[in-house]
Amino acid sequence: MYEKIGKSLSLLPNTEIHIAGLKTSIKNESNIYFYPIFCGSRMSIFRFFAPWKFLIRALKVKPHTIIVSTHELLIVTYLYKILFGCQFIYDVQENYYHNILYTDAFPSLIKPIIARWVRLKERVAKKRMDGYLLAEKIYLTELSDRIQEPNLVLENKYVGIVPTSKEIVPIKDLPKIKLLYSGTIATSYGVFEAIDLAIRLHVFNRKFELTIIGFAPDCRELTKVKNRINPFPFIKLISGNAPIDHTEILSAIQDHHIGLLPYRFNESTHLRVPTKLFEYFLNQLPVICSFNPTWKEYVEMFQAGLVINFSKLPPADELYKTIINTSYYTAGNPNKLIWEEDKLQNWYSEFFLNKN
């Protein structure tokens, strides 16, 4: 909301950006303001107060446009539009229906109920929706009953300019080989597969280390991760119990040698491109990822790394030989991985800027 959409739209003339979400350490800027409205876990009773905090804030700000980046604020924005009027845009960052059904974010018994409730909210909000931002091309198909024109596919690409091309030190010449797992710490994203791979490689060659950096939305899973890595001093966990500043993750990407994307097959993530894939590629971090036809296409385009089956790992000696004998980032156009700021600004200006 801030680094991509917020900053991009803040460059338009006479524009103020007001961002309501999780508490952040980022300070208000000349025309960007932050308001914490979310606290507690997904199942916390405090979470249910967030829409009303948002409504109070909207009544004070009187926004021309509301861009909703979570289903939790759809109904309250729908009501605000009816009562007071505004441009209403849904920033579809995820297929929430699939995420709830096919991940472990909620208890199994209530997952179908919550998923159907979210889908109903999206269908109801569609009646008053003015536009859609879609983080994945696949949403045009998956959410065809819940979206309409005008919409813009705006993938979560890397923010900034193309980094200066660096000389990649051959992995076989490194005194240590530092593996990185970054982002959401969860079973469905393959955190335990990353741990198992690191253990296997470290047993074969003690040069291998693993850093896990990110946020675990489920405290029970975080406890399992801590228990799993506790006997292994070569595995380091950074944060886990709170959202981590994105600059720390980028710093970790630049300080490691191989990025891991060991996602388990899941309908909620299949054919999607996570932001960290773009971040790894732009920083020329070699990757080892699980099979996904979309990812495989990107990996081959940029010669970025290896695609393996994490549930049936090859022998450590074979994998080690492949890792150290592969040449990385010898192809591809990095400009294709950069966040398309102009595309967003032009779309918003065309459809929304001059509407009352």
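**Exercise 1.** In this predicted model, which residues form one aromatic cluster with W347?

*Solution.* The cluster holds W347 together with Y348, F351 and F352.

**Exercise 2.** How many aromatic pairs does the structure hold, and how is the pair of F281 and F302 classified?

*Solution.* Step 1: the structure holds 15 aromatic pairs. Step 2: for F281 and F302, the centres are 5.6 Å apart and the planes make an angle of 50°.

**Exercise 3.** Where in the chain do F281 and F302 lie, and are they buried or exposed?

*Solution.* Step 1: F281 belongs to helix α10 (residues 275-282), while F302 belongs to helix α11 (residues 293-302). Step 2: the two residues are 21 residues apart, and their pair links distant parts of the chain. Step 3: F281 and F302 are both buried.

**Exercise 4.** Over which ring does the charged end of K276 sit?

*Solution.* The charged end of K276 sits over the ring of Y181, at 4.9 Å from the ring centre.

**Exercise 5.** Describe the surroundings of L261, and state why L261 counts as buried.

*Solution.* Step 1: L261 is located in strand β10 (residues 258-261). Step 2: L261 counts as buried because its relative accessible area is 0%, against a cut-off of under 20%. Step 3: beyond the neighbours within four places in sequence, the contacts of L261 include P274, K276, L277, Y280, W295 and F310.

Notes
Residues numbered from 1 in each chain as written. Predicted model: local features only at pLDDT ≥ 70, side-chain atom pairs only at ≥ 80, totals over all residues. Heavy atoms only, no water. Phe/Tyr/Trp six-rings, centres within 6.5 Å; stacked < 30°, edge-to-face > 60°. Helix = DSSP H or I, 4+ residues; strand = E, 2+ residues; numbered from the N terminus. Buried < 20%, exposed > 50% of the residue type's maximum accessible area, 1.4 Å probe, protein only. Lys NZ or Arg CZ within 6 Å of the ring centre and 35° of its normal. Contact = heavy atoms within 4.5 Å.
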